[in-house]
Amino acid sequence: MQNSELSRRTFLRGVGVTMALPWLESRNVWGAESPSTRPASEPPVRLGVLFAGNGFHGKEWWARGEGKSMELGKVLAPLHDFREKMLFIRGLYNEEALKGNIHSSQTGNLLSGAPLASGGDIRSGTSFDQLLAQSYGGSTKVPSLVLGCEQANPAVHKNYSMLYSSHISWTSPTSPTPLELYPSLAFDRLFKDEVLKGDQSVLDAVIADARDFRRDVSLADQRKLDEYLESVREVEQRIDRAGKRGELQGWKPTIDKPNLPRPADGIPQDIAEHMRLMCDIVVLGFQTDATRVTTLKLNNDHSSLRFPQLGVDYMIHHLLSHSDTADWLKVNQLFTSQLAYIARKLDAIQEGERTALDNSMLMFCSSMMSGAHDATQLPVVVVGGGGGKLRGGRVLDYLKSPNRKMCSLYLSMLDKAGLHRDEFGDSKEPLSGV
């Protein structure tokens, strides 16, 4: 039976397609109140987690000061415009991540704080993103969207499964949440009733319903609807173009050209375009309220990606992380720029008195501080307002605090998203000051 909250939502419908609508001022399309209630329904709080493997440049991950006066290290330079909506959090760690070896045992419990099984077995803990998805994801078409830009590695490294390095989101202690690597299929999950490759555009399927709906909303909402539909069309077109370039991502081939035909709905061949498409899908998912929880793993820990578009094709990401070079900094900034891109797109979407960024929490993190495998403190940045509950423009330092558990941060973020728990992972108290 369809969830009652979801059934009260307003959708555009066509043959095989159900498309959620963005927040509107003249219609309560999200079902929180009766149609006669004014003002319009309150936008939800969204959670987005972006992960970059292997840490960051050891000398350029820093922030100091407050608000507009906040100074940022070069890794965080792409976030300059969002300093007033950003928390730089220093000193947090996962105790369980220090008990194993490196990479896998530092990554598999990043979002759960749970002990990990060794010897090639798979056991972690339900991650906080999935806990939130299980709590209120039934109100949306897609409870959780878990995206990746690098394929999972099933090998074993230093007595721990490399699946821990490949997955940060866990639906249960023994079930890493499947990664969607294909932008086209991630896009279909948001808008199509069945995730199947087809020739029909999503917009073409719902255009008649959209025209009828448009007649009954305000002029401002008509403009918002037009902008939204145009953004959907743009992403559709970009997905259709993706993968038609000659560049190869992630590994250095032994031949100049692929010796197998590329699948029609395959992974984009340019890693920068792959990341950007996934970022657009995150924004669309939030903008339409098709999902409120997304996890975007930009690469694996122990990553094999290469970056020819940056002129950094001579070494894989993992090995490059072992030295603080100018090329490593360029790669770091490519990753940080994905967070800045999502933040900018969300901040341009007005939802009543706040923007979609003000109604979101975007956490950017890694499972180690740098390529030296230091997990005694983790790099964490949170951008967004958490529905007016999160005050940005601050640097929070917990390095000498008695409570510096990552799971305490997750308790605080869950609370701001409306899920109140007495404990999570290894923490029984939220993080003070967040």
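In the predicted model, Arg-90 is placed opposite Asp-397, a residue of strand β17. Strands β6 and β17 are joined through 4 bridges and run in the parallel sense. Both strands belong to an open sheet of 7 strands with mixed pairing, whose order is β7-β12-β3-β15-β16-β6-β17. The edges of this sheet are formed by β7 (145-148) and β17 (394-397), each of which pairs on one side only. When direction is ignored, neighbouring strands of the sheet are turned against each other by 15 degrees on average.

Helix α10, which comprises residues 326-347, lies across β3, β15 and β16, and its course makes an angle of about 175 degrees with β15. Helix α11, spanning residues 406-416, is mostly covered, with 10 of its 11 residues buried. The buried set consists of Met-406, Cys-407, Ser-408, Leu-409, Tyr-410, Leu-411, Ser-412, Met-413, Leu-414 and Lys-416. Just after α11, Gly-418 adopts a positive phi of about 95 degrees.

How values were computed: Residues are numbered from 1 along each chain as its sequence is written. This is a predicted model: local features need pLDDT of at least 70, side-chain atom pairs count only at pLDDT 80 or more; totals for chains, interfaces and linings use all residues. Side-chain values use heavy atoms; hydrogens and water are left out. Buried means under 20% relative accessible area, exposed over 50%, partly exposed in between (1.4 Å probe, protein chains only). Helices (H or I, at least four residues) and strands (E, at least two) are DSSP runs, numbered from the N terminus. Two strands pair if DSSP finds at least two bridges between them. Axes are lines fitted to C-alpha atoms, for helices over the stretch in contact, and angles run from 0 to 180 degrees between N-to-C directions. Contact means heavy atoms within 4.5 Å.
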